[in-house]
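Dear colleague,

I am passing on the structure that we discussed, and I have set out below what was found in it. Please read the notes beside the coordinates.

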Amino acid sequence: FNSNAQSIISLSQAINNGLANKKNITAGKLNITISNLQTQGLYKKYWPQVSAEYQYLYNPILQTSILPIGVFNPTYPADATKSVQFGTKWTQSAGLTATQPLLDLSIQRHINEAKLQERIAALSQEQSAYELAYTIAQTYIDIYLQESKIKSAIADTNRNYISYTLLKNKFDEKRLLKSDLNKSKVNHNNAVQVLSDGITQLIENKVYLLFLMGNNDMQQWNFEIDSSFANKYLLKNLVNTTTIDQLPELQQLELQSQLTTLQAKSETAKQIPTVNFKGFLGANQFTNTFNPVAANSWFGLSYLGLDVKVPILTGESPRNKIKQLKSQFNQYNLQKEDKILEYTKDVVTAKLKMDNLSSQLRTVEENISLSTESISIYQARVLEGQESASNLNLEEANLQILEAGYETNKKQMWVYWLNYLKASGQLSILWK
């Protein structure tokens with residue numbers, strides 16, 4: 001274990017590094033960019049639409065029509081008719097068609113939807129960042145607690161070794177049973193193993209923090225954390241005000257319900273007429289032989305006018321779609337209400353557990369202090385031959401149990417604290 005620190009990383013620095021470098025956060029930001037580009041693309045539907053058209057056709061069988069020649073020529077009977085073929089074997093057509101939307105309510109409706117979807121994408125990104133910040137804070141606190149546990153384990157190992165050495169001397173003097181010496185050795189071995197496990201776990205936690213921070217070099221785990229954060233964010237100074245409504249997840253549900261309302265309006269807009277200004281400029285060629293550039297065979301064509309479309313039968317049922325969207329609207333609102341209750345429950349529960357655990361920690365701290373004092377007394381009395389080794393071994397084992405429980409409770413206390421901040425919408429105080 002390399003204890004020579006190369007750098008000190010604060011909690012806010014760790015979170016900000018993760019938010020800036022983590023790949024899934026960067027990918028989420030790209031989703032916002034994509035949504036924005038899609039919105040910008042919808043505005044172009046207001047622009048004139050221009051298309052070029054070209055056709056070159058061969059007509060092996062020309063269209064035949066019946067003309068009433070008796071109407072045009074009195075030398076024929078009045079009901080006389082004649083079949084006539086129209087067109088030529090070869091035809092070309094080329095031209096430009098321009099369309100300018102004048103009235104199309106669906107365009108603005110779709111733009112409104114796209115803008116709202118942009119905000120939803122941004123909130124989704126905020127929620128991902130919120131979850132990442134929570135995980136980073138949890139890991140950072142784990143490192144802090146693990147370092148504290150290692151310091152305690154070092155003290156335990158030294159104290160156990162003193163007891164073991166004391167009993168080993170008595171055993172060497174034939175004044176102690178081997179079984180009592182073995183129990184002391186077991187206690188010492190357990191203390192050494194706890195220290196070794198603690199160091200390994202500390203390194204694992206630091207490597208995991210590097211991963212969460214988006215650091216590509218996992219070998220740079222020999223950094224230090226700023227342990228003064230524990231004084232800055234004292235558990236007893238917990239703020240009781242909550243901002244649950246500002247949580248990204250709840251805002252996202254609110255906007256999703258608003259989106260269903262806009263989508264329902266878009267469905268209604270499908271039944272509204274559209275008006276476009278339309279123009280065409282082009283020419284047609286007619287020849288009976290293949291000659292794309294034949295002289296005097298091209299004839300111009302153009303027109304300007306209004307193009308009005310009134311939907312009558314579209315093959316869809318807007319009424320059913322609107323009913324579906326209204327159901328989704330209610331669904332999102334119910335989900336939001338349930339989430340608010342869930343977060344409120346988490347806030348109240350975390351606060352109650354913290355208050356209860358705080359009392360337990362004070363009791364265990366006092367018990368550890370008393371047990372440590374008792375062991376010192378036992379060691380002195382064993383040295384003077386006034387106390388049995390078995391009692392000293394038993395007290396050492398009991399202290400190890402007390403300290404293990406204390407470390408577990410202390411970690412759980414910080415977990416409740418983080419859960420309180422997360423559920424109450426106050427987690428951002430750790431990095432902003």
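**Sheet, helices, pocket and salt bridges**

In this predicted model, four strands make up an open, antiparallel sheet whose order is β2-β5-β7-β8, where strands (E, at least two residues) and helices (H or I, at least four) are DSSP runs numbered from the N terminus, and two strands pair if DSSP finds at least two bridges between them. The edges are formed by β2 (49-58) and β8 (298-309), each of which pairs on one side only. Strand β2 is joined to β5 (residues 90-103) by 10 bridges, the two running antiparallel, and Tyr-58 has Trp-90 in β5 as its bridge partner.

Local features need pLDDT of at least 70 and side-chain atom pairs count only at pLDDT 80 or more, while totals for chains, interfaces and linings use all residues, and side-chain values use heavy atoms, with hydrogens and water left out.

Turning to the helices, α7 (residues 248-269) packs with α8 (residues 318-383) at an angle of about 170°, their axes lying 9 Å apart (axes are lines fitted to C-alpha atoms, for helices over the stretch in contact, and angles run from 0 to 180 degrees between N-to-C directions). The two helices, α7 and α8, are therefore roughly antiparallel to each other, a label that applies to angles over 145 degrees. Their contact comprises 10 nonpolar, nine polar and six charged residues, with Asp, Glu, Lys and Arg counted as charged, Ala, Val, Leu, Ile, Met, Phe, Trp, Tyr, Cys and Pro as nonpolar, and the others, Gly among them, as polar.

The lining of the second largest pocket draws at least two residues from each of α4 (105-172), α5 (178-212) and α9 (389-423), and α4 gives the largest share, seven residues.

Finally, the structure holds 14 salt bridges (a side-chain nitrogen of Lys or Arg within 4 Å of a carboxyl oxygen of Asp or Glu). In one of them, the side chains of Glu-147 and Lys-206 meet at 3.9 Å, N to O; Glu-147 lies in helix α4 and Lys-206 in helix α5, so this pair ties together parts that are 59 residues apart in sequence.

With best wishes

How values were computed: Residues numbered from 1 in each chain as written. Parallel < 35°, antiparallel > 145°, perpendicular 65-115°, else oblique.
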